[in-house]
Amino acid sequence: LDYFSKAEVILSRTKDSISLGNTYCNIGLARLERKDTAGSLTYLQKALQLFSAKNNSHGIKFTFYALARAQQHLHLARKYYEAALEIDSTSAFAAGVYQGIGSTLYLEENYSGAEPYYLKALAICERQNLLLHKLACYSALSSINEYKGQYREAFRYQVAYANLNDSLLDTEKHKAVSQLELKFRTAEKDKEIAQNKAALYGMQRKLILMGAGSLLLLGLGGSI
């Protein structure tokens with residue numbers, strides 16, 4: 001937050017309103033993480049004003065999303081999520097927005113209303129291979145169908161969740177093992193290099209001593 005605050009001071013002296021808007025947005029999110037909802041909303045609204053003045057759709061949609069997250073009332077959060085979808089309803093970003101709307105309806109126990117939004121999010125996740133978002137969709141859809149009494153569907157999504165989760169864990173384990181193997185090979189290579197350097201140093205020392213011995217014998221021979 002201190003870094004962003006310093007950036008705010010510097011950028012406020014320039015004409016770079018887009019960068020200043022990004023900084024306002026970052027400050028708003030940082031304040032939200034610190035549970036300062038009022039301060040968060042103030043900065044996010046300032047960001048929205050700057051992006052709107054420049055008709056910067058990229059900044060506007062992300063600020064709408066951030067404003068939705070900062071709302072304490074679900075219906076207000078949904079309003080900002082829907083505003084973001086009016087700008088972008090197909091990208092990876094939209095998958096998170098659909099999930100956001102779905103979550104507000106889920107928390108209101110409107111499971112039938114929440115389901116279509118999670119299905120839209122899942123469709124984007126499958127097209128763009130968004131694995132973590134897909135995992136969240138499977139979990140939500142399993143729970144929604146359980147509440148609706150659709151136990152077969154609930155089980156199907158739970159199995160999909162478990163399979164994907166196991167796959168992600170296996171991938172992480174593989175990465176961890178690969179990193180350990182790389183560290184071991186690097187350590188072994190460093191050890192080999194160190195041993196070769198030591199052997200080379202020993203050979204150089206022997207050659208120097210042999211050369212010095214030869215010079216000594218030549219000197220002695222010359223003095224006889």
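Helix H2 is followed by Lys35, whose phi is positive, near 65°; helices here are DSSP runs of H or I with at least four residues, strands are runs of E with at least two, and both are numbered from the N terminus. The model is a predicted one, in which local features need pLDDT of at least 70 and side-chain atom pairs count only at pLDDT 80 or more, while totals for chains, interfaces and linings use all residues. Residues are numbered from 1 along each chain as its sequence is written, and side-chain values use heavy atoms, with hydrogens and water left out.

H2 itself has 17 residues and reaches 24 Å from its first C-alpha to its last, close to the 24 Å expected at 1.5 Å a residue, the expected span being 1.5 Å times one less than the number of residues. Among its buried residues are Ser17, Leu20, Tyr24 and Ile27, where buried means under 20% relative accessible area, exposed over 50%, and partly exposed in between, with a 1.4 Å probe and protein chains only. The cover over the buried residues of H2 includes helix H1 (2-11), H3 and H4. Ser17 counts as buried because its relative accessibility is 15%, and, leaving aside residues up to four places away in sequence, Ser17 touches Leu50 and Lys54, a contact being heavy atoms within 4.5 Å.

On the scale of the whole protein chain, the secondary structure comes to nine helices and zero strands. Of the 224 residues, 33% count as buried, and among contacts between residues at least 6 apart in sequence, 46% join residues at least 24 apart.

The largest nonpolar core has 47 residues, and those with the most contacts inside it are Phe64 and Tyr118; such a core is a set of buried Ala, Val, Leu, Ile, Met, Phe, Trp, Tyr and Cys residues joined through side-chain atoms within 4.5 Å. The elements that give two or more residues to this core include H2 (17-33), H4 (57-70) and H9 (151-223). Phe64 touches Leu48, Tyr80, Ala83, Ala84 and Ile87, not counting residues up to four places away in sequence.

How many disulfides does the structure hold? The structure holds zero, a disulfide being a pair of cysteine sulfur atoms within 2.5 Å. The sulfur of Cys137 lies 4.5 Å from the closest cysteine sulfur, in Cys125, which is too far for a bond. Cys137 is buried, with a relative accessible area of 0%, and Cys25 is also buried, at 10%.
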